[in-house]
Every structure is written in structure tokens, then in C-alpha cells.
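Welcome, and thank you for taking a look at this protein with me. Please open the model below and keep it in view as we walk through it.

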Amino acid sequence: MPISMVVWISSYVVALVVAWIIRASLFSNYTMFIGFSLVYTLFPLLVSAGIQPTYFYNSSLNFRYDLIDIHLIVTGFANIAYCLGRLIGYRRQLQPVPRGRPAFLRTRVTQIDNIIMLGFMVFAIALTLAGMQFRWGYARSELVNSLLGQGKVILSGVYAYFLVFYGLRPRTIFMLCFVVIITFFEGSRTSLIAMTIGTLIVAQEDRAFSRLTLLLFTFAFVLYFIFIAMYRIGYDTSSISQLLDATFPIFIEGTYGSYMNLQVYDLVIARPIDYTYFLNYLVDPVVFSVPRPLFIAFGLDKDSFTIFQSWIANETMRLQEPFAPYGGFFYVAEASAALPYVGPAIVAFGFALLTAWAENRRKLTIGGRFQFVIFTIGFSMVFIKHHFAGSTRFYFTTFIVAYGIYLLNHVVTMLLQRRAARQSAAHAGAYQPAEDASTAI
């Protein structure tokens, strides 16, 4: 057996052992990371072996076995580094962890939250109408891309707030259904994937549904994501002649979501190249925090101010296809551009420590739950299939929106309580009981 297969398979054996040690749930940040890692390595391997749907795009590097071997090895070591980071960051709870729905969740919905819920629906309808006119994958400007993308992230922030403080209730499920509708008409899936997986994780944490119900819910959403992927590219479903054809979107996501990692190592093997040396993890999130429309207003190209996008622009000229021609984006590619071979392991280890930090107090306090839910929806589910700057922008937008609603609710509630206290004091001062005649001098 090739050494690449040994490293790759061994990494998942290690992942199973660590999952047992840290008691990882079926739906958790841990299992989702390992699961996506499997998708982004298994399907390129299948394609290189000639196993693929009838209707499929093949590019020049799909059958470069030397690059496939490197891809398996670096991802295998990244998986092991991630597992090591989770072991180091794992902290066994010293006090009993409550089972079921946390007691500190709100039971009554405030008036402010009712207003915000109404605003969510109005905004969601507006995005749906815009998505019907400007579908993902068709010609639309950078400004439209930015507005629609950020709009859906804002909705995910509102949704995350309700999920934090109320848990899974009819209104939160209703909000998720709105985003499902938007995705159907607009086409881009990242926000919905993050919200769906985050919902599954919170549902298991709160024991809101049985495991069978969650599995059926997962199966339904996988079918929905496959349908959306086929629908947005105009896939002819009548051409499905075998089971593999029905898995076409998963093949595309796995194969071309990781294709740019093959491109990175194609460049590395050809000759030494300039690496980003992890500067992209420091500079790019700052640049991406500035809205693209602001750059457009001043006639500037936002991507030219980032380290990783500038690296892509410089190196794409040496590639046979544009960088990342199809599919999503596997984090290993950006880490390999930072420092080949060892970069993915370093990044995965750091991400594991962040994940462990977010999970350690998730059931003990409302603050712990807040950081856990926001991290899960706003970062963890986006990190593995997005470049780092994009995933951090997703996180900060989600955090700012969710925390902003919390502060607004807190301030309004405090002002209303003070007003009620003043009115009560004024009423008590105005009421002076009559002097008892029996005690008058």
C-alpha cells in the first residue's frame, strides 16, 4: 500500500480514537471537520481511479497521481494535528453538565425580539426577490455579490442570536425555512450549510430531537443541497443513468473544492515559489472586514490589498486552469500556499485549539453557549470550505449582529425597568395616608 494511503487512512483511525476520548457527538464541530476532510480527499481519489459520474468536468491535474499522493499525505497529517489539538484543548468538565434544554434559556419572547423577528422576515423577503433577479453563477456585479452575500450572513447572525437565547423552537425553525427559500432562488449555499449544521449540533446539544429525527433531517437536507447544486447549473436530470450520476454535486464539491491544493503543489514541484508565510492569516481578515462597496466607491480593487488573493493573481499565470475553477474551497490549499507540506498541519492544530476553547463551557453558562453557537455557525462550518479571510468576516458579522441584538435587548429592558421603578416611586410619594384622628394632638 502506498505511503500516502497509509498516512491518510491512519489519520481517520486516529480521529475515531480521539472522538471516543473526547466523547465527540455524532453532530459536532469535531465530526464535521473530519467529515468534510474526508469529502475533500476521498472524491479526488475516486476520480483519479476513474470512478466518476457520467456528466463530469475533468481538468488537467485530476489524474496527476503524484499530486494526489501529496494531497492525501498533507491532509492526513493535518487531520492528525487537528486531533492532537483537540486532545490538548479538551477539558473534562469538573461539574455535572446539564442534560437536555439548558435551564438558562429564555421561555418568553420579548417585544424587542418580536420586532427583530418581523424585520428578519422583511429582510429575507427582500433578499429572496433580489436573488430571483440576480442568481448565483450568472453574470452579476461584485457589488451585487457583496450585498447578497453579506445580507445572508446578517440573517445568519439574527438566527444565531435566537438559537443562543431560545434554542430550537417553532420561530427559530421558521427562520431557517426562510433561508432555505432564499437559497432556492439565489443559489449560493454557504450560509445555509453553516446554519443547518449549526442547527443540528445545537439540536443534539439540547436533546431537542431524537437521533433518528436528526438523521432523517440530515438526509433531507443533503438531498436538498444536491438538488440546489444541480438546479443552479441547469443539470439535466434525465441524463442520470447510474447512482453515481445522482452524486454529481458531491463529486464536484469534493474534487474541485480541493483541486486548488493540487494546483499549489503543481507549482511547488515545478520550481520554488514565493509563499505567503502565514501573513495572509493576519492581513487578509483586516482587509476583508472593510465592505467591498467602499473599495468600489473609490475605484479600488479589494483583492489587490490582500496577501492570498495577490498570491493567486501572481501564480495563476503559470497554471493550466484558473485557480479554483469549480467547487468550494478546502482550507488545506491556503495553508499549503503559506508553507507547503507543514502549513496545513500548523493551521489545523491552531483551529483545533480554537474549537476546544469554544466548546469547553458551552452548557454551563449563557455566555459559554453564546460563544459556542456563534463559533459553530459563524466560523467552524465556514473555515474548512472557505479561505481564511472570508471565514473570519463571516464570523465577525455573525458575532456583531447577534451580540448587537443582545445589547439592544438588554439596554431597552434596563430602561423600561428604570422607568417602571420611577413611576412606582412617584406613585408611592403621591400617596400620603390620612392621619389617624385618634393620634392627633
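Let us begin with charged pairs: the structure holds 6 salt bridges, a salt bridge being a side-chain nitrogen of Lys or Arg within 4 Å of a carboxyl oxygen of Asp or Glu. In one of them, the side chains of Asp266 and Arg64 meet, at 3.2 Å from N to O. Asp266 sits in helix H11 (residues 259–270) and Arg64 in the loop between H2 and helix H3 (65–89), so this pair ties together parts that lie 202 residues apart in sequence. Helices (H or I, at least four residues) are DSSP runs, numbered from the N terminus.

A word on what you are viewing: this is a predicted model, in which local features need pLDDT of at least 70 and side-chain atom pairs count only at pLDDT 80 or more, while totals for chains, interfaces and linings use all residues. Residues are numbered from 1 along each chain as its sequence is written, and side-chain values use heavy atoms, with hydrogens and water left out.

Now follow helix H2 (residues 29–48) to helix H17 (residues 366–383): the two pack at an angle of about 5°, with their axes 11 Å apart. Axes are lines fitted to C-alpha atoms, for helices over the stretch in contact, and angles run from 0 to 180 degrees between N-to-C directions. H2 and H17 are therefore roughly parallel to each other, a description used for angles under 35 degrees. On the H2 side, Asn29, Met32 and Phe33 meet Phe372, Thr376, Ser380, Met381 and Phe383 of H17, where contact means heavy atoms within 4.5 Å. By class, these residues are 5 nonpolar, 3 polar and no charged. Here Ala, Val, Leu, Ile, Met, Phe, Trp, Tyr, Cys and Pro count as nonpolar, Asp, Glu, Lys and Arg as charged, and the others, Gly among them, as polar.

H2 also packs against H10, this time at an angle of about 95° and with the axes 7 Å apart. That makes H2 roughly perpendicular to H10, the term for 65 to 115 degrees. Among the residues in this contact are Val39, Tyr40 and Phe43 of H2 and Ile250 and Phe251 of H10.

On a 1 Å grid over the protein atoms alone, a cavity is a set of points where a 1.4 Å probe fits but cannot get out, and a pocket is an open set with protein on both sides within 12 Å along at least five of seven lines; lining residues have an atom within 4 Å of a point. The second largest cavity has a volume of about 40 Å³, a volume being the space filled by probe spheres set on the points, which are joined across faces, edges and corners. H2 gives the most to its lining, with 4 residues.

Finally, about 850 Å³ of space lies in the second largest pocket. Of its 25 lining residues, Met32, Phe36, Val39, Ile197 and Val222 lie nearest its centre. The largest share of that lining, 8 residues, comes from H2.

Terms used: Parallel < 35°, antiparallel > 145°, perpendicular 65-115°, else oblique.
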